[in-house]
2 protein chains.
Amino acid sequence: MDLVIVGSVATDRLHLPSGVVHEAIGGSCVYAAIAATKFRIKVGIVGAIGGDERATKIVEFLSKFPIDLTGLERLDGQTFFWEGRYFEDMNQRETLSLSLGVFADFVPKIPDQYKSAKVLFLANISPQIQMELIQSVNADIVVLDTMDHWISSDKENLLSALKAVDLLIINDQEARLLGGSNSLIRSSNKIKEYLKGGNLIVKKGEHGSILFTPERMCFVPAYPLENPVDPTGAGDSFAGALLGAWLRLGLGRECLGAAMFYATATASFCVEGVGPTKLAECGLEEIEKRADVLNSLICRRWDSNPHVREDTWS
Amino acid sequence: MDLVIVGSVATDRLHLPSGVVHEAIGGSCVYAAIAATKFRIKVGIVGAIGGDERATKIVEFLSKFPIDLTGLERLDGQTFFWEGRYFEDMNQRETLSLSLGVFADFVPKIPDQYKSAKVLFLANISPQIQMELIQSVNADIVVLDTMDHWISSDKENLLSALKAVDLLIINDQEARLLGGSNSLIRSSNKIKEYLKGGNLIVKKGEHGSILFTPERMCFVPAYPLENPVDPTGAGDSFAGALLGAWLRLGLGRECLGAAMFYATATASFCVEGVGPTKLAECGLEEIEKRADVLNSLICRRWDSNPHVREDTWS
């Protein structure tokens, strides 16, 4: 197995500026896994669904993708349900209702064939469980996500887990909270010290992403979209695509920058559709095209006019 | 005269997370003019101060810089005073009090020696006055700033003024308001149509800036600061430095991207000090160094690992 993803599998009710979507398939595991499959690697997921009709729909949907579902447990109870409302600019959202269902007491079990995974991606779940999973899987690379809830309520266990993490992927609000400073740069440099690998990617939504490694800091803008539809799962798609691309590029730290272009391009498709609909449809060729466009949008100091030379300047 | 700047000259009271600064010299004209002088061009300002002690302090301060003050009128009354409070993350602020003083009924008069300016920069002032000034000065290039107040209250005159504008420099909130969409990209593409030159720069504070021209779109990140102190005047410093650098680079559209690096670097010094103190001190050599660093922080798709080639990928 190339990539094992542990996280939530859910049904979402989305209040978008364009209207309400009553039942969209969601969850960090779902978005990340679909995004990762674009890069033609072997992906397996570990998650839980209930015994309800929503679970049946989720399995039906996931079966369309080359995702190993051995680790998807069907338990007695309800499937995780999240209802959220986005504000007009879609940069902020609020949770309207949340029903954890079978996810509340879920203890992930790793199938044997997942235990030698090259990359283990622990999407948002309790730090205690993240630690146990890191110990139980013999992965070459451990990648973590977390959320404000765990940073506030269980920082001690989270910091313990981070000591075994090669790459942490979080958003800017989480980075400020975890790093303890309103300066994103100061917070990120602090977080690097917590990590085994010293590699951190901060996702800033429409403002792009920043890679911090022990050697460098590097900015990648978001893919410019005229008509964003639904940001749900964009961050998870980014992470899944990043790991898919990174696996294909050989998992060297020096390839993380290139992988971010694929992650950004893939996440942009996710935002263009309701739930995972557009993400599900897009192919590697389209992703490559957007990664090319993105590259052309990045300004270098002199590349807009190579005839202006620094030595003729001051 | 290379650059004539029309705008506010003020005293600010700043409530920063680090404490209250009771009297800082401020105003769009002041920040933009000081930033522009870094690039060793001829700068003249047009603005108004009162007959109070604050005015005396401002003149004393401005006299330290190679700025032509012929257009700075001393009128009977109080100098423009602004009091504002920044929120913890310094990305947002609120106005606590505002006393326009002599700026309220100020009708800018352009000194004769300014009338053949290469670049006319109209910082935030009423669109009606901006239009009159564009007509009265025979500038090669007209650059405009505006604010939400004018976009909401006098859009008609603003749109008329924009028809004579080569380059518009505004922030992202203003761009969304002026372009009529929550999508910054859609708004910006709409705004381009309003402009004579089709050139727009959108400033996004800590998230960098975006250049839109008829041919291209181009992103430049903000300079990463561990310890931002006071964002007051950062946008005006960005604009002043941009125009100073652009003048030195020959005013070709193809040089706007390079000029944005100098603008970003100069604005970063502004943010590191209270009011214009750090901006006042920094020199071109330091600015160049930061422009170099900024350039090294920008990730290209393959430059982190040039051995990974696109044709070996899919």
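**Exercise 1.** Is R301(A) buried or exposed?

*Solution.* At a relative accessibility of 1%, R301(A) counts as buried. Buried means under 20% relative accessible area, exposed means over 50%, and partly exposed lies in between (1.4 Å probe, protein chains only).

Before going on, please note that this is a predicted model: local features need pLDDT of at least 70, side-chain atom pairs count only at pLDDT 80 or more, and totals for chains, interfaces and linings use all residues. Residues are numbered from 1 along each chain as its sequence is written, chains are lettered from A and ligands numbered from 1 in the order in which they are written, and side-chain values use heavy atoms, with hydrogens and water left out.

**Exercise 2.** Find the residue with which R301(A) forms a salt bridge, and say where the two partners lie.

*Solution.* Step one: the partner is D292(B), and the closest N and O atoms are 2.1 Å apart. A salt bridge here is a side-chain nitrogen of Lys or Arg within 4 Å of a carboxyl oxygen of Asp or Glu. Step two: the pair crosses between chains, with D292(B) in helix α11 (residues 284-296) of chain B and R301(A) in the segment after α11 of chain A. Helices (H or I, at least four residues) and strands (E, at least two) are DSSP runs, numbered from the N terminus. Step three: D292(B) is partly exposed, at 35% relative accessible area.

**Exercise 3.** How many salt bridges does the rule find across the interface of chain A and chain B?

*Solution.* Step one: the rule finds six across this interface. Step two: R176(B) and E206(A) also meet in a salt bridge through their side chains (2.8 Å, N to O).

**Exercise 4.** Describe the salt bridge between E23(A) and R54(A).

*Solution.* Step one: their side chains meet at 2.9 Å, N to O. Step two: the pair links distant parts of the chain, 31 residues apart, with E23(A) in strand β3 (residues 19-26) and R54(A) in helix α2 (residues 53-62), both of chain A. Step three: E23(A) is partly exposed at 38% relative accessibility, and R54(A) is partly exposed at 21%.

**Exercise 5.** Which residues of α7(A) are buried?

*Solution.* Step one: they are L184(A), I185(A), S187(A), S188(A) and I191(A). Step two: these residues lie on the same side of α7(A), because they cover an arc of only 160 degrees around the axis. The arc is that of the directions from the helix axis to the C-beta atoms.
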